[in-house]
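Welcome to a short tour of a protein model. Please have a look at the sequence and the structure first, and then read on.

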Amino acid sequence: MARFGDVIIAAEHEGKEKHVPQIKAPEKVAAGEAFHVQIIVGEEVHHPNTIEHHIKWIQLFAKSEGDVVKHVATFDLGPTYADPRVTVSVMLEQSATLYALEYCNIHGVWDNSVDVAVE
Ligand SMILES: [Fe+2]
């Protein structure tokens, strides 16, 4: 049986157009204290942003050990004016891995992750 994970494209397949979402988050945070997470697609090389070819959405999920993955935020972007750099305020009670997904209407779904430790 095919799984959704099968269609997520690995970072090593990245070409000249950059699709892997870069996640900017602190390595360590305090429990219950809000911090900012920024997700950027095309940080160094801007991705095209036309009706024909653009970043359609960016999603953020979090998973702590022993818990199920939880949705944090979805950003639904339009072409032309939306810059695929989004920021969300996040609070954690325990250490978690943050997973970002992004969808390019031509090149598919890409992912990345970072660990955030709660002290
Ligand atoms: Fe693309």
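The largest nonpolar core of this predicted model has 14 residues. Those with the most contacts inside this core are Val37, Ile39, Ile58, Leu60, Leu98 and Ala100. Two or more residues of the core come from each of E4, strand E5 (55-64), E7 and strand E8 (96-104). E8 gives the most, with four residues.

Leaving aside its neighbours within four places in sequence, Leu98 is in contact with Ile23, Ala25, Val37, Leu60, Ala62, Ser113, Val114 and Val116.

**The protein as a whole**

Now let us step back. Along its principal axes, the C-alpha trace spans about 45 × 40 × 20 Å. How does the radius of gyration of the protein, with 119 residues, agree with that of a compact globule? A compact globule with 119 residues would have a radius of gyration near 14 Å, and the protein has 15 Å, which agrees.

Of the 119 residues, 18% count as buried. Among the contacts in the protein with a separation of 6 or more, 62% are accounted for by residues 24 or more positions apart.

**How the strands pair**

In general, strands of a sheet pair through backbone hydrogen bonds, either parallel or antiparallel.

| Strands | Sense | Bridges | Example |
|---|---|---|---|
| E2 and E4 | antiparallel | three | Lys24 and Gln38 |
| E4 and E7 | antiparallel | six | Ile40 and Arg85 |
| E5 and E8 | antiparallel | nine | Ser64 and Ala96 |
| E5 and E6 | antiparallel | six | Ile58 and Phe75 |

Let us follow the pairs that involve E4. Strand E2 covers residues 22-24 and strand E4 covers residues 35-40, while strand E7 covers residues 85-90. These strands form an open sheet of three strands in the order E2-E4-E7, with antiparallel pairing. Why is one side of E2 and of E7 left without a neighbour in the sheet? E2 and E7 stand at the edges, each with a single partner strand, so one side of each has no neighbour there. From one strand to the next, the twist averages 20°.

Ile40 is a handy landmark in this sheet. Gln22 stands opposite Ile40 in E4, and Ile40 also stands opposite Arg85 in E7.

The pairs that involve E5 come next. E5 and E6 form a hairpin with five residues between the strands. In this hairpin, Gly66 takes a positive phi near 80°. Ile58, one of the core residues with the most contacts, stands opposite Phe75 in E6.

Where is Glu33 found? Glu33 is in the loop between strand E3 (28-29) and E4. This residue is exposed, because it has 10 other C-beta atoms within 10 Å, and 12 or fewer is the cut-off for that class. The C-alpha atoms of Glu33 and Ala62 are separated by 16 Å, and the two residues are 29 residues apart along the chain.

Thr80 lies in another loop, the one between strand E6 (70-76) and E7. Is Thr80 buried or exposed? With 8 C-beta neighbours inside 10 Å, Thr80 counts as exposed. The backbone is worth a look here too. Most residues other than glycine have a negative phi. Phi of Thr80, however, is near 85°, a positive value in a residue other than glycine.

Tyr103 takes us back to strand E8. Tyr103 has 17 C-beta neighbours inside 10 Å and so counts as partly exposed. Apart from its neighbours within four places in sequence, Tyr103 is in contact with Lys56, Trp57 and Val109. Tyr103 and Lys63 are 40 residues apart in sequence, and their C-alpha atoms are 20 Å apart in space.

Conventions: Residues are numbered from 1 along each chain as its sequence is written. This is a predicted model: local features need pLDDT of at least 70, side-chain atom pairs count only at pLDDT 80 or more; totals for chains, interfaces and linings use all residues. Two strands pair if DSSP finds at least two bridges between them. The radius of gyration is taken over C-alpha atoms; the globule rule is 2.2 Å times the number of residues to the power 0.38. A residue is buried if 20 or more other C-beta atoms lie within 10 Å of its own, exposed if 12 or fewer, and partly exposed in between; C-beta atoms are placed from the backbone. Two residues are in contact if their C-beta atoms, placed from the backbone, lie within 7 Å. A nonpolar core is a set of buried Ala, Val, Leu, Ile, Met, Phe, Trp, Tyr and Cys residues joined through C-beta atoms within 7 Å. Axes are lines fitted to C-alpha atoms, for helices over the stretch in contact, and angles run from 0 to 180 degrees between N-to-C directions.
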